[in-house]
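Dear colleague,

I am passing on the structure we spoke about, together with some notes on its pockets. Please look it over before reading on.

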Amino acid sequence: MRAPPRWLLHAVQCLGILWASPVSAIGLAAGLAALAGGARAQFSRRDLACIFHRVPWGPGGALTLGNVILDTGDDLGRACNTYAHDAGHGHEPRIRLCDHERAHVLQYMALGVLFLPLYLLHGGVAARNPFERAADRYARTGRGWWPWSRP
């Protein structure tokens, strides 16, 4: 099977960014507020996101809102545990946080404003949430970011 033309991929990405833009606007507002607290902004073409590093609030880690990632650390490339590992569902290798958050960006681009209510309906920040399981799977394998796909 041949890969789709590059222009089609860019068109689909632009539609996804537009579809996620209401939530991205919330993320941008939070990121801009974080700049006053010492955060720094970066655009990541690979992650299709504007990333704010050193966000001065939150429990640690990162939060994705549309095409915006709010990171409390200095670099999203750091290793972290999967949700299942931290919940004691077995030993899993560490993943890179940027790969996990990129999966959430892709989920937002597919679901747009529906992402947040669906995410919350499926348990929020929890190892049993299919959105988190899919993001961990994507971070481990580079595939499977869709929350209802088979592992």
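Which element gives the largest share of the lining of the second largest pocket? Before the answer, please keep in mind that this is a predicted model.

The element in question is H1, which supplies 6 residues of that lining. Helix H1 (6-35) is joined by strand E2 (49-53) among the elements that contribute two or more residues to the lining of the second largest pocket. The space in this pocket comes to about 270 Å³, and the residues around it are Arg6, Leu9, His10, Gln13, Cys14, Ile17, Phe43, Arg45, Leu48, Ala49, Cys50 and Asn67. Sorted by class, they comprise 7 nonpolar, 3 polar and 2 charged residues.

Turning to the largest pocket, its space amounts to about 610 Å³, and its lining is made up of 31 residues, with Gly60, Ala62, Leu63, Tyr83 and Glu101 lying nearest the centre. At least two lining residues come from each of strand E3 (62-65), strand E5 (79-80), helix H2 (83-86), helix H3 (97-111), helix H4 (115-121) and helix H5 (130-141). Within the lining of the largest pocket, H3 holds the largest share, with 5 residues. The class counts for this lining are 17 nonpolar, 9 polar and 5 charged residues.

With kind regards

Technical notes
Residues numbered from 1 in each chain as written. Predicted model: local features only at pLDDT ≥ 70, side-chain atom pairs only at ≥ 80, totals over all residues. Heavy atoms only, no water. 1 Å grid on protein atoms, 1.4 Å probe; cavity = no way out; pocket = protein on both sides within 12 Å on 5 of 7 lines; lining within 4 Å. Points joined across faces, edges and corners; volume = space filled by probe spheres on them. Helix = DSSP H or I, 4+ residues; strand = E, 2+ residues; numbered from the N terminus. Nonpolar A, V, L, I, M, F, W, Y, C, P; charged D, E, K, R; others polar.
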